[in-house]
Amino acid sequence: MSRKLVSIALLALMMLALALPVTSQTMGEMVPPIIVHSVTQAERPIEYETTRLVVENMRELGLEVEHRAIPWAQLIDEIWYSRTVDSAAADRPFQMTHWRMVGRPERSDPDEFTYNLFHSSVRDGGYNFIGYNNPAYDALAEAQRVEVGDREARLDIICEAQQIIRNDMVNAYFIHPLTPQVVNTAVFNPDSITTQAGIGVHNFWTWIGIEPTAEEGKTLITSTTSFLNSFNPLEIAGDAPSRVTEMTWDRLMRINPIGVPEPWAAESVVWEDPLNVVVTLRAGMKWHDGEDVQSDDAAYSFEAALAGTMQTKEGEERFQPEAPDYYPFASNVANIEIIDDLSLRFTLNTPSAAFETSSLAKLNLIPKHIWEPIINDLLTQDDADVDSIQEEIPIGSGPFKYVAFDVNEFVFLEAFDDHWARPQIDAWIMNVLPNQEATLGQIQAGEMNFLWEWPGDPGVLQNIVEENEHLDLFSAISIGFNYFAFNVRYAPFDDVTFRQAVAHTIPQEFIIDNIFNGLAAPADSFVSAALEYWRQCEDLPTYDFSIEGARALLEGAGYSWDDEGRLHYPGN
Amino acid sequence: MNRGVAYYILGRFLQSVMVLWIIVTLLFLLFRLAPSNPLASYIDTTFTKQQEAALLARFGLDKPLGEQYIIYLVNLLKLDLGDTFSYSGKTVLDILGADLPNTIYLTLTSLLLAYAVGVLGGIVMAAMRGSAFERIGTTFTLMTRAAPQFWVGMLLLTFFAFQWKLLPSSGIGPPMVRYRWETEWDKLMSPVFWRHMILPTFTLALYLHGLPLLLMRSNMLEVLDQDYVTMSRLAGYSEWRVMIQTAARNAMLPVLTALTLGIGYSIGGNVVIEHVFSWPGLGRTLVRAVQQADYPLAQGAFFLIAVIIVFMNFIADILYSLLDPRVGASAQAQVS
């Protein structure tokens, strides 16, 4: 009897022991279906294919995932304008999307990405559309801005910021594209082509330094697939027009080939203290119309960017700048004092480490005698700003001047003989060529001698370079990057472990070798490997491609799978 | 012109206006209900809510839909197609005004070539009915009619522009020459312009010549069976004279109608050719405007194309009433 009782008790205990893990780890709700956005295959095949691959891998985690590929103009509605439940332009807030940032010279300073991509103040309307909100990170993003004198101290802050973002996995970076450009080296000296860190060979330094070795090379002919929209020194009208405006309008400083701002139209830039900087212009500079460039022009270039009126909209009074694109880059300027014909002093509102890169090397110098009447006229109108202005032949002081342009077709620039850095070539032409095959044909046939952009398969370029002796391929790691952005406001992406698990489903090496044909570098941060100085940090956490690793991570955090293999949240 | 015909023309005119109004309304709604955002090209890391509000206000997109519609209609009546979203300081009319002549030159030249070849080819094929020449010719025509235009265009580009380097591949002229053209007349007088037009014209004409050729051929075959043709032959006229003077003149009427309508449809239908040859015309701008969700520009381009098509239909109707007395008579019967 007692033996029987003991046996029953033992049996009961065993059953209890067996049952315990089950009851302590009850299964939570099933993870709901996920939509991953990207642009369409026709628009950018590389981004589409990458997304398709990752979506398939995510399904291996037991997730129901839909890949929604839509045109860019529509994607903006479903991502940018669909951040929260209350404000979604689409039927619900976005969850995860493929996204990319492109490289631009002024992005050589890490400030723009460090602050604008993640600071909580730009969560509702700005570029922090993923909704990241971390007070500790905000403090770092603010601190790196005011660390003016001590570059190393700023580096420490930038490194810490990168660590936090990589740990929190709010954006899953996977590649920095290698921007491929093809140059006809039968007409240009290849040694005279400059690679700018993070930008590539199609940069300002190449345009002024490239040496023709044949008559055809005296005119550099390139093309763009996008229309040119406008050439206005106070408007940012897209990638191609921006690259043209930086050739035709000088700036006080320019980002040099290794990514550091150096004096350009300014002979010297001297910081008196963290709030005051004295800039002295080079002597003898001319506008394209023959007038002298003086310090009041330089001052006016900033005043024009700051000009605006108070306007009342829907009962709310707010400041309406006349140059909304450039206002943010000038808004830290509290006062400009003209010292003499060539010198002026800027006084800032707050110390800013990025002032040289994002203001002095960003704002175009504009002739006061042309722009003052235009801006004064705009100030009297409520519904117009500088975006409505297009000079017939724009006047700048840059090393190239406008001969003619048609925004739908071409821009034709000539070297400005009176410039102290006169280019080696005589003319620079950019044609609008929306047909990619025609672009390929023209570079091979010699109708074009510098292939500027190639949105298609990079392998195609490698092939034509192999087949044509007169062509050479140049490539450089971009400041830009491709990544998957998660809406961290809502489940399941509000859980850092879940995001990390998704990061493990991205086959980085496979994507680089097969989709980019090797023309990409692995990315793990918003600071590109091209910006070597800002990457002197301790190693960032890695997320190797491993479905098993992802599953183990989820399991460790209490996620589980049902009989049909579908992923469930942790219970309780 | 009798009263019937006048009523008929007035009726057709009012009908055309109604059709345009419906098209305009559909265009307005389609673009605003389409899931794309006109601010897409402005999104940048430094893009703020303030900029967004300013842009929406500048484009008038902050107003209620009904108000936008009324403003749109009133402006249209004043022939004001608005400002584009994506080009600074340019109105829709500026952009389309620059594009339209290029599209018209390309279309008219191609149509003339296509109809000249088509009509003559149709006559020859009817005359040589049953021969190997006719069989090969018809097959070739059907092939060019069925082949995608972009494919034909790319083939011609590959050989004539890139391999043999005989002809330029894109645009209407190199910028070094183009910037000297101050007027349309300078452009038309420039051999460079016509050289650039050869490949796109040929591609478009290859596609367009099928309709007049097949139409002419079948009309000719029909006419050749008529008694008056037989009479002409019996009268001893030469076969050539019978074909051209007697048969072809009668067989050509439907072809002329097709040409009138063809002008309208071709002007709007050059999208593919203009893209392949980077020809700065209406079709290329239209694609661009839709991609960028530039509502005013896209609406303006569609509107212009619709006006041309409706107008050419109207002309075709009038031609009918003038050429065929029965049309006017039936109209008079209806109104009396």
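In which sense, parallel or antiparallel, do S4(A) and strand S20 of chain A pair? They pair in the antiparallel sense, over 6 bridges, with S20 covering residues 481-486. Please keep in mind that this is a predicted model. Within this pairing, A:Trp99 has A:Tyr483 of S20(A) as its bridge partner.

Strand S4, residues 96-101 of chain A, also pairs with strand S2, residues 34-38 of chain A. Here the sense is parallel, and the pairing extends over 2 bridges. One of the residues involved is A:His37, whose bridge partner in S4(A) is A:Thr97.

I now turn to another part of chain A. There we find an open sheet of 4 strands, in the order S9-S10-S14-S13, with antiparallel pairing. Which strands of chain A stand at the edges? They are S9, residues 266-273, and S13, residues 333-338. Each has a single partner strand, and therefore one side of each is left without a neighbour in the sheet. From one strand to the next, the twist averages 20°.

A:Ile338 has A:Leu344 in S14(A) as its bridge partner.

Finally, what packs on this sheet? The element is helix H9 of chain A, residues 295-306. Helix H9 touches S13 and S14 as well as strand S10, residues 276-281, of chain A. The direction of H9 makes about 160° with that of S13(A).

Thank you for your attention.

Conventions
Residues numbered from 1 in each chain as written. Chains lettered and ligands numbered in written order. Predicted model: local features only at pLDDT ≥ 70, side-chain atom pairs only at ≥ 80, totals over all residues. Pairing = 2+ DSSP bridges. Axes fitted to C-alpha atoms, helices over the stretch in contact; angles between N-to-C directions. Contact = placed C-beta atoms within 7 Å.
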